[in-house]
Amino acid sequence: MNNTSQIGVLGLGAYVPERVLTNHDLEKMIDTSDEWITTRTGIKERRIASEGEASSDLGAKAALKALEDAKVDPAEIDAIVVATLSPDHIFPATACIIQEKIGAVKAAAFDLSAGCSGFVYALAVAYGLVQTGLEKVLVIGAETISRFVNWQDRSTCVLFGDGAGAVVLGRVERGGILGFDLGADGSGHSILNIPVGGSREPITPENLAQNRHYLYMVGSEVFRFAVRTVPRTSRKALKKAGLEVGDVDWLIPHQANTRIIDAAVNLMGIESEKVVVNLDKYGNTSAASIPIAWAEAAEDGRIKRGDKLLLVGFGAGLTWASMVLEY
Ligand code: COA
């Protein structure tokens, strides 16, 4: 065990919007079927933010639940790190909007862009902040991807959903974060992105007409990358924690696709009963998927305090991130 062992999770919470969009609802909107979506992805339904509800609204609700779980007052929070690929605005940071919403008056606040790996990246950054002197850091994954997908494009719109999850990180008596691995391969930046709307290609009537301001993905390449990456980064994080796959009580992978999870789990040799999967209900909520799955499994009693967890994310960038911790 290394000296990362004294910083851990004080509280955990998640929030998903009320509106449910099922595969059968999608059948009425585009040329798809429940059968195609279920067999190719495992997704049955997803949540969609209501009109006027933005990532900061979902993130603030998840944050308040995590603070309540931690019995920490918002005014005690030293920093807020929000992982998101669907921020309220290009700037200012969604974290600043959440800071105001929850009354975290003394908190520094910034966003982190690491795609679907964002939540684990943000946990690692928060770990560093606590290690260098801050006491309590709020880490949030918050997404309203429904605003950024083209609802005419069946190859992407069926995959994603909205939601948020949060943890409060601080000093713990025992356990906590035991090891992590972060990485990126920028040569894959163009296979999963939103091409238009940034400084590279500002919005014009022409590119709007071409729908290039929506999420773009080469699904098959992302799929191959994910299956390759999950076991590799997991092994690195476990090594840093001084643990073996067999020591893990629960694997909480990014919830993108059951076929990706099954293939990676097979390669890793981890029992499927130890894997938390809830993407059938929420689809891919990007940086929110790991904390939503974690909070749900903790709430229904599957995951208990003291359990050893392996969190693994992968996504746009391309990026990957894994972390081993004792909850
Ligand atoms: N409904 C029905 N048919 C669909 C469809 C839909 N929603 N989306 C695509 N299809 C069709 C395609 O048009 C294609 O038809 P064609 O063979 O006539 O051209 C066919 O299904 C197969 O498409 P393909 O893209 O090869 O399917 P796939 O087995 O690779 O599955 C994904 C597609 C997107 C489910 C899969 O590639 C994937 O999950 N990739 C990873 C995506 C991901 O997780 N991204 C986020 C990472 S953070």
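Begin the tour at the side chain of Arg259, where an N or O atom is 3.3 Å from an oxygen atom of the ligand; a polar contact here is a pair of N or O atoms within 3.5 Å. This is a predicted model, in which local features need pLDDT of at least 70 and side-chain atom pairs count only at pLDDT 80 or more, while totals for chains, interfaces and linings use all residues. Residues are numbered from 1 along each chain as its sequence is written, and side-chain values use heavy atoms, with hydrogens and water left out.

Then display the backbone of Arg154, where an N or O atom lies 2.9 Å from a nitrogen atom of the ligand. At Gly219, a polar backbone atom is 2.9 Å from a nitrogen atom of the ligand.

The shell holds 23 residues, and among the closest are Thr32, Arg40 and Asn257. Colour by element (DSSP runs: helices, H or I, of at least four residues; strands, E, of at least two): helix H8 gives the most to the shell, with four residues. Other elements that give two or more residues include helix H2 (34-41) and strand E12 (308-315). Colour by domain, with bounds from an automatic or database assignment: domain 1 (6-173) and domain 2 (178-326) each supply at least three shell residues.

Finally, zoom out to the whole protein, which has 11 helices and 13 strands. Its C-alpha trace spans about 55 × 45 × 35 Å along the principal axes.

How values were computed: A residue is near a molecule or strand if one of its heavy atoms lies within 4 Å of it. A polar contact is a pair of N or O atoms within 3.5 Å; within protein, one must be able to donate a hydrogen and the other to accept it, and residues adjacent in sequence count only if both atoms are side-chain atoms.
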